[in-house]
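Subject: Structure handover

Hello,

Please find the structure below, ready for you to take over. My notes on it come after the coordinates.

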Amino acid sequence: MFKIQTLNHIAVAGLDRLPRDRYEVASEITHPDAILVRSAAMQAAEIPSTVQAIGRAGAGTNNVPVAAMTARGIAVFNAPGANANAVKELVIAGMLIAARNIGQAWQFARQLTGDDAEIHRAVEAGKKQFVGFELPGRTLGVIGLGAIGVKVANAARSLGMQVVGYDPTITVQRAWQLESGVQPALSIDDLLSRSDFVTFHVPLTDETRGMINADRLRILRKGAVLLNFSRDGILDDDAVVTALDQGHVYAYCCDFPSNLLKDHPRVIALPHLGASTREAEENCAIMVAEQVRDYLEHGNVTNS
Ligand code: MLT
């Protein structure tokens, strides 16, 4: 009997892949053989010595002490691509929300008072105040051309946008092969200077932390929209807020609210919803449960 500990929400569809005659699955469990975790931050010292594998039901592994686990011979699995569609949809929504001023317009409409005639008069003012712009012909810069970045690029192209791509880990030639409609940028600075929207799909590492700072924001096209549905820390939020206040950046959509960001009129900050769809939760849970099961039962390592 294998013992699996679930540290926080793992969709039932994934747990169903662990047959009850061979697996005991619970959040409170002693001496687990494996742990399935979504976003809970794990501390190396708290991981029992019986653990052989950890399955992270998501793309990023920042909440798992991977180096310490590897040193202990524990396999760490993640679910790359399993939530890519969910993230892609939210990025596209973010572009539309920014381009059509939906956050501010919604606030405006909710605060209207008076009878319907007065509200209708206010609507005329709102129509003038919240004139937006359309996506076709605009350029989206995609930083990070993995499963999510490529999906975002395809969706943007289907909306009539130009796409410029840059990935610090792949060559320009590879970018062309991956996605023929993506124009490869030579560098981050090249991409920033060519983009009306910039979206980030890279993990948080020593190389990407603070990748977008005040100097880089000066290179960005004036009036551009930034979208960060990957990891907090890739953009320097203080620098972004300054650029928003100066009118250089038009809007910032991100998945990480903070005191600095959450009330800013030109920021749409969501509570890390990129992967929060029923479908993505199920896909991630199934992918990691199957990998952990394969590893425990057969020693197979896929995608660790
Ligand atoms: C991911 O890395 O894919 C997300 O952080 C998943 C999640 O929200 O749990």
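The model is predicted: local features need pLDDT of at least 70, side-chain atom pairs count only at pLDDT 80 or more, and totals for chains, interfaces and linings use all residues. Residue numbers start from 1 along each chain, following its sequence as written.

Helices (H or I, at least four residues) and strands (E, at least two) are DSSP runs, numbered from the N terminus. Two strands are taken as paired if DSSP finds at least two bridges between them.

Axes here are lines fitted to C-alpha atoms, for helices over the stretch in contact, and angles run from 0 to 180 degrees between N-to-C directions.

β1 pairs with β2 in the parallel sense through four bridges, and with β3, also parallel, through three bridges. Gln 5 is opposite Ala 26 in β2, and its bridge partner in β3 is Ile 35. Further along, strand β4 (residues 53–56) runs parallel to β5, joined by three bridges. There, Ala 53 is opposite Ala 75 of β5.

Seven-stranded sheet

The other open sheet has seven strands, ordered β8-β7-β6-β9-β10-β11-β12, and its pairing is parallel. Its edge strands, β8 (182–184) and β12 (267–269), each pair on one side only. Neighbouring strands are turned by 20 degrees against each other on average, direction ignored. Strand β6 (residues 139–143) and strand β7 (residues 162–166) run parallel and are joined by five bridges; Thr 139 is opposite Gln 162 in β7.

Helix pair

Helix α3 (residues 84–99) packs on helix α6 (residues 147–158) at an angle of about 45 degrees, and their axes are 9 Å apart. That angle makes α3 oblique to α6; angles under 35 degrees count as roughly parallel, over 145 as roughly antiparallel, 65 to 115 as roughly perpendicular and the rest as oblique. The crossing is right-handed, meaning that the near helix is turned clockwise from the far one by less than a right angle. On the α3 side the contact is made by Ala 84, Asn 85, Val 87, Lys 88, Val 91 and Ile 92, and on the α6 side by Ala 147, Ile 148, Lys 151, Val 152 and Ala 155. By class, this contact has eight nonpolar, one polar and two charged residues. Ala, Val, Leu, Ile, Met, Phe, Trp, Tyr, Cys and Pro count as nonpolar, Asp, Glu, Lys and Arg as charged, and the others, Gly among them, as polar.

Ligand shell

Around the ligand are Arg 38, Ser 39, Gly 58, Ala 59, Gly 60, Asn 83, His 272 and Ala 275, each with its C-beta atom, placed from the backbone, within 6 Å of it. The shell has two nonpolar, five polar and one charged residues.

Regards

Conventions. Two residues are in contact if their C-beta atoms, placed from the backbone, lie within 7 Å.
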